[in-house]
Amino acid sequence: MDSNKKYWKGLEELNKTPEFVEKNKHEFAEPIPIEDVLTGGGLAGTTPRRDFLKALGFGVGAVTLAACQKVPVHKSIPYLIKPEEVTPGVANYYVSTYEGSAILVKTREGRPIKIEGNPNDILAKGGLSGQAQASVLDLYDSNRLKNPMRDGSDYGWGQTDGFIKSELAAIKAGGKKIRIVSSTITSPSTLAVIADFITAFPNSKHISYDAVSYTGIIQANQNSFNKAVLPHYNFDKADVIVSFGADFLGTWISPTEFIRQYVQNRNNKSLQAKKMSRHIQFETGMSITGSNADVRILIKPSEEGIALVNLYNALSGTTLPGSKKLANNPNADKAIAIVAKELTAAKGKALVVAGSNDVATQVLVNAINSLLGSYGTTIDLDNPSHQYSGNDAELVEFTKEMSRGEVDAVFFLNANPVYDYYNSKDITEGLKKVRLKVSFADHMDETASACNIVAPNSYYLESWGDDNAIEGYYTIIQPAINPVYDTRQAEHSLMIWGNNPGKDYYTYIRNNWDKNLLAKGGLSGQKGWETLLQTGFVKATPVTSGTYTFGHDLNAVAQTILDHSNLLAADAGKVELQLYQTVAMRDGKRANNPWLQEMPDPVSKVTWDNFAAMSPSDMKKWGYADGDVIKIDANGYTISLPVLVQPGQTQGTISVAVGYGRTLSGPVGDNVGQNAYPFHSLRNGTFQTSAVATITATGNNSPLSQTQTHHSIEGRNSIIKEATFTEYLKNPSTGSGNESGHKDYNENNLFWQEYDHPQYNWVMAIDLNACTGCGACVVACSAENNVPVVGKAEVGRRREMHWIRIDRYYSFNDDGNGGVTRERELSKLEDLDNVRVVYQPMLCQHCDHAPCETVCPVLATVHSSEGLNHMAYNRCVGTRYCANNCPYKVRRFNWFNYWNDSRFENYLQNDHTLLVLNPDVVTRFRGVMEKCSMCIQRIQAGKLKAKIEKRAVKDGDIKVACQQTCPANAIVFGNANDPNSEVSKALKSERTYYVLEELNTQPGVGYQVKVRNISETEA
């Protein structure tokens, strides 16, 4: 399949632009700025040797000493009576919950330092998202509120309670409304506290909304089946998956859970069973889900509803009034006919989903799934998801109530409508008419700054709580540390202000579980409670999922869809605007987290910014270049953003991410990108994410900091290897290069000694068919190994420090003459619109014939007897020869002391944030190289534990950080000397190949070939 494939990382490499060619000649974008350092210290450009030594011996030394003194020295006092659960140097783990999934919180000497997935979790089975991994850093954010505030000034808790209780009493007597505004709450105990508060103040109401809304799906299920719920989807039970703009592997509903489900029918185990699901994606912008699809069809937002009408007609044999051919997109029309046949053949094991928040569109999706027999198999309405239950119409009505002067008190819980409501002016103006405005925000965010009282909520790692993300699945939240600041749980505050008889919120939770929840898992009493705190969850017997008959009149639905499509169709000179979430930022609540800001977007590889994604043909049409700033005007709102050429973007459209443009998130997130939420519009009671926009050039250019195009693959075709599922069934070795036996590149070796690994040989296997490119491993590695954040400017200089990166490769067929041919797949789109994507995690390969080791003049990088490439930081003098000689480009150079240089104060520049550091991993200093160590600290800990227990190390005892967090289980690590280990079995797969194997570096990391479920005519 792939002999004529052409792979490239970015358009700069594909087109060989002069700037790229020049930069690619050098290993680093620029030399070490030693002159700037010395000149800043008072030395001239031509520095005498004596002054040079003086600067290094005193000037630089003094700076280093001053930096060290930034951390205060305290006298250590040993435990008089050591807490039983704390052993210095040994980690403790506490079960907790993040976004509905059971997790483990790793603590050292009483401070949380790492989040791990709970391997027994029902949803993600131990996998975590990048956001979950980064959540530990927010605990130590020095910009969190330290205590309650009133009108911008410090206010004690006693004063706060007295003031609010007196105000509530007066408001209750006056008869005006009290409103509690929150994002979706999935905690049974929190909802019970709110219900008790409403009982105490009958004029109260709880209003729930989500910045990224799913009201359309919930309301559609109400209209279709009289069940206002968000379904629980089962992608693992689907043989054919068709998605219309739903980024279910990236940001849609429960992506970590969906990744686990999705890969079950596509990973090595599934392939060996000769089974692989089929995935077809219709979408506007290149999403992480679309990039993983077998076939990807480009459609505009205005075409999505019509395409669904046409699909329903093809499946049912009827003709709805909204059906018509997509005049400007004949490929989508042809694809619909083929998709209908495949879905019909997979009846009962098919699934159609859509990302639209339009009620009519989702009603039509329900009708399609009903025809396919999806309810009760791939869609479960009887055990629904509670992860999003917001009601858009209720929030709109709340703004009207405020404007009419009917609301006298409002409480905001995990909600920031001044930032993320599409018409924030209605919120700010309405709040001026409200007497008591209370925010539970832990930062002085955009909404908190408009309130007269801020009662900061404790962080989840400091709190007691529970969760019920999926019907019948209940998890517990317990504190891993006492509150870092003088904060208090919002539930406890509501109990006090509502005169709740409960002693405190912990007691309230305990009583709620004793009465209502423990029994669901067959537990009871104190022993049951202790079991819960050890396991982290209980699971009730699920309700038997039933089948549902669709009986809604679709004629009016189709007409509504047609009207909506006509509204979105852009006239000449305009474009269709699509809003979306990035995997890192999501809705923007975590904007002040530097790990997330520096996490590259899986598709664009942009960090620290949002942008307008545009197709290559439109870029040429409008005369734009990457980074050119354009003004976008839609729905009466205007912002200016840099434009980025995005292969796979639908022509005539642009895509812009929400979650950026915060103004009061903190120093990290403030003024990063632009706020795109006001581009939302309200239609038929739900917020819409598409609009018609006018774009104009500003004449400015704002370069985007990308991590992708820093290196060239130099035309090599042994980095990414692919095969079709049909080819795989004929010969499982197809694409791996092993069809005629594994070639021995070592036969003429004259320069390398052969290493003997007598006891352990630590190796890794990565399945490209399982990896979705989500990037969770990047954040997990940073958290585990104290990898510094360098900021936008340094990323732009190609100086990011991530030890593992996810390389994204585009591909199309090359005709051998430098031209591009069409790939014969369903879409048949031209040139750069029709690209395929492969993701490849790339880290130090720990080669047995490591090129870095032979060129290091001081033996700072050496090979171990266990097959690992070690770094001795104290030996390294920073020649960078090793990075030059590494063909995988996985070594990172410390250009600065990122930990204590004031230019990088966005990260670890205060005492609290330093507490997140892993004490088992040394922080590196300026002038030394660093790279993946295969989590050597975990290897040593695993061997030590086995030694203490007087046994051998067992397979699975040691899991590296990237492996442990991967929701797709794409990474396997272990001892190759154990023939029964999972990694040994994985590396024996016929699909296994080694990157740049022809260089005879003998890597310790093997990859499994990417397999696509496409027919030969589509290949």
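Where is Asn 671 found? Asn 671 sits in the loop between strand E26 (653-657) and strand E27 (681-683). Strands here are DSSP runs of E with at least two residues, helices are runs of H or I with at least four, and both are numbered from the N terminus.

Before going on, the basis: this is a predicted model, where local features need pLDDT of at least 70, side-chain atom pairs count only at pLDDT 80 or more, and totals for chains, interfaces and linings use all residues. Residues are numbered from 1 along each chain as its sequence is written, and side-chain values use heavy atoms, with hydrogens and water left out.

Asn 671 is not a glycine, yet its phi is positive, about 60 degrees. At 63% relative accessibility Asn 671 counts as exposed; the cut-offs are over 50% for exposed, under 20% for buried and partly exposed in between, with a 1.4 Å probe and protein chains only.

Asn 969 also has a positive phi, near 55 degrees. Asn 969 is in the loop between helix H31 (961-965) and strand E39 (971-975), and at 54% relative accessibility it counts as exposed.

Now the whole chain. There are 32 helices and 42 strands, and buried residues make up 61% of the 1019 residues. Of the contacts with a separation of 6 or more, 75% are between residues 24 or more positions apart; contact means heavy atoms within 4.5 Å.

Next, helix H12, residues 301-316. Of its 16 residues, 14 are buried, so H12 is largely enclosed by the rest of the structure. Just after H12, Gly 317 has a positive phi of about 80 degrees.

Lys 539 lies in strand E20 (residues 537-539) and is partly exposed, with a relative accessible area of 38%. Leaving out residues up to four places away in sequence, Lys 539 touches Ile 122, Gly 472, Tyr 473, Lys 520 and Gly 521.

Last, the helix pair. Helix H14 (residues 359-371) and helix H21 (residues 554-568) pack at about 135 degrees, with axes 9 Å apart. That makes H14 oblique to H21; angles under 35 degrees count as roughly parallel, over 145 as roughly antiparallel, 65 to 115 as roughly perpendicular and the rest as oblique. Ala 360, Thr 361, Val 363, Leu 364 and Ala 367 of H14 meet Leu 554, Val 557, Thr 560 and Ile 561 of H21.

Definitions and conventions: Axes are lines fitted to C-alpha atoms, for helices over the stretch in contact, and angles run from 0 to 180 degrees between N-to-C directions.
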